[in-house]
Amino acid sequence: MKPPNGYVKINFDAAVLHRRMGFGFIARDSDGFVIGGSSGFKDKLMKADWAEMEAFDESLKMASNLNISKVIFESDCANLVNKVKKRGLDITIMGCCVNEACKIFDNFDLVKINWTNRSSNRHIRALVSTTVLLIAHLCSY
């Protein structure tokens with residue numbers, strides 16, 4: 001689904017496989033055109049929620065570099081979306097990391113984060129899964 005006029009929507013996702021995590025994100029404007037994106041991996045063991053946090057952090061950096069004013073982030077990780085929406089109230093380690101990452105929100109006029117189901121995030125999920133599988137395959141040699 002395209003974002004409303006004047007907004008950029010960034011879908012992000014992460015995956016964990018064989019002690020490696022992959023992440024990716026895609027930014028689209030209100031016409032549905034891709035204006036940015038990336039994928040990558042980190043060679044470290046982490047749980048899925050932390051991998052999603054890494055993907056969110058990377059997508060925040062990209063959004064800031066695009067110099068956009070209104071942004072909507074979308075993730076299929078309900079736990080992370082809830083932590084971002086309730087930031088400042090969560091005293092867990094991840095809550096503190098979310099608070100730190102969200103300081104970049106000051107660079108935007110308006111920021112929203114929404115949960116989306118996995119089927120809506122399928123393009124970014126395919127990108128991330130392919131990245132993780134490729135890296136796992138290359139590192140097995």
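Start with the ground rules. This is a predicted model, in which local features need pLDDT of at least 70 and side-chain atom pairs count only at pLDDT 80 or more, while totals for chains, interfaces and linings use all residues. Residues are numbered from 1 along each chain as its sequence is written, and side-chain values use heavy atoms, with hydrogens and water left out.

Now the overall layout. The protein chain has four helices and five strands. Those elements are DSSP runs numbered from the N terminus: H or I with at least four residues for helices, E with at least two for strands. Along the sequence the pattern reads β-β-β-α-β-α-α-β-α. The chain has 141 residues, and 45% of them count as buried. Buried here means under 20% relative accessible area, exposed means over 50%, and partly exposed is in between, with a 1.4 Å probe and protein chains only. Take the contacts with a separation of 6 or more: 67% of them join residues 24 or more positions apart. A contact is heavy atoms within 4.5 Å.

Next, the core. The largest nonpolar core holds 30 residues. By nonpolar core I mean buried Ala, Val, Leu, Ile, Met, Phe, Trp, Tyr and Cys residues joined through side-chain atoms within 4.5 Å. Ile10, Phe12, Phe56, Phe73, Leu80 and Val84 have the most contacts inside this core. Two or more residues come from each of strand S1 (8-17), strand S2 (20-28), H1, strand S4 (70-75), helix H2 (78-85) and H3. H1 gives the most, with seven residues. In soluble globular proteins, nonpolar side chains tend to be buried together.

Look at Val84 for a moment. What does Val84 contact, leaving aside neighbours within four places in sequence? Phe56, Val98, Cys102, Phe105 and Ile113.

On to H1 itself. H1 has 18 residues, which at 1.5 Å a residue should span 26 Å, and its end C-alpha atoms are 26 Å apart, so the two agree. The expected span is 1.5 Å times one less than the number of residues. Which residues of H1 are buried? They are Ala51, Glu52, Met53, Glu54, Ala55, Phe56, Ser59, Leu60, Met62, Ala63 and Ser64.

Take Ser64 from that list. At 19% relative accessibility, Ser64 counts as buried. Beyond residues up to four places away in sequence, Ser64 touches Ile104, Asn107 and Phe108.

How does H1 pack on H3? Two packed helices are described by the angle between their axes and the distance between the axes. For H1 (residues 48-65) and H3 (residues 93-101), the axes come within 11 Å and cross at roughly 10°. The axes are lines fitted to C-alpha atoms over the stretch in contact, and angles run from 0 to 180 degrees between N-to-C directions. The two helices are therefore roughly parallel to each other. Angles under 35 degrees count as roughly parallel, over 145 as roughly antiparallel, 65 to 115 as roughly perpendicular, and the rest as oblique.

Now the residues that meet. H1 brings Asp49, Trp50, Met53, Asp57 and Leu60; H3 brings Ile93, Met94, Cys97, Val98 and Ala101. By class, this contact has eight nonpolar, no polar and two charged residues. Ala, Val, Leu, Ile, Met, Phe, Trp, Tyr, Cys and Pro count as nonpolar, Asp, Glu, Lys and Arg as charged, and the others, Gly among them, as polar.

Step to either side of H1. On one side, Lys44 sits in the loop between strand S3 (34-42) and H1. Lys44 is partly exposed, at 39% relative accessible area. Lys44 touches Arg19, Arg20, Met21 and Glu54, not counting residues up to four places away in sequence.

Buried or exposed? Asn67 is exposed, with a relative accessible area of 68%. Asn67 is not a glycine, yet its phi is positive, at about 55°.

Three last stops. Gly6 lies in the segment before S1, and contacts Ser30 and Lys70, leaving aside neighbours within four places in sequence. Gly6 and Asp29 are 23 residues apart along the chain, with C-alpha atoms separated by 7.7 Å.

Ala15 is in strand S1, and is buried at 16% relative accessible area.

Asn117 lies in the loop between strand S5 (110-115) and helix H4 (122-139). Asn117 is partly exposed, at 34%. Its C-alpha atom is 8.6 Å from that of Cys77, 40 residues apart along the chain.
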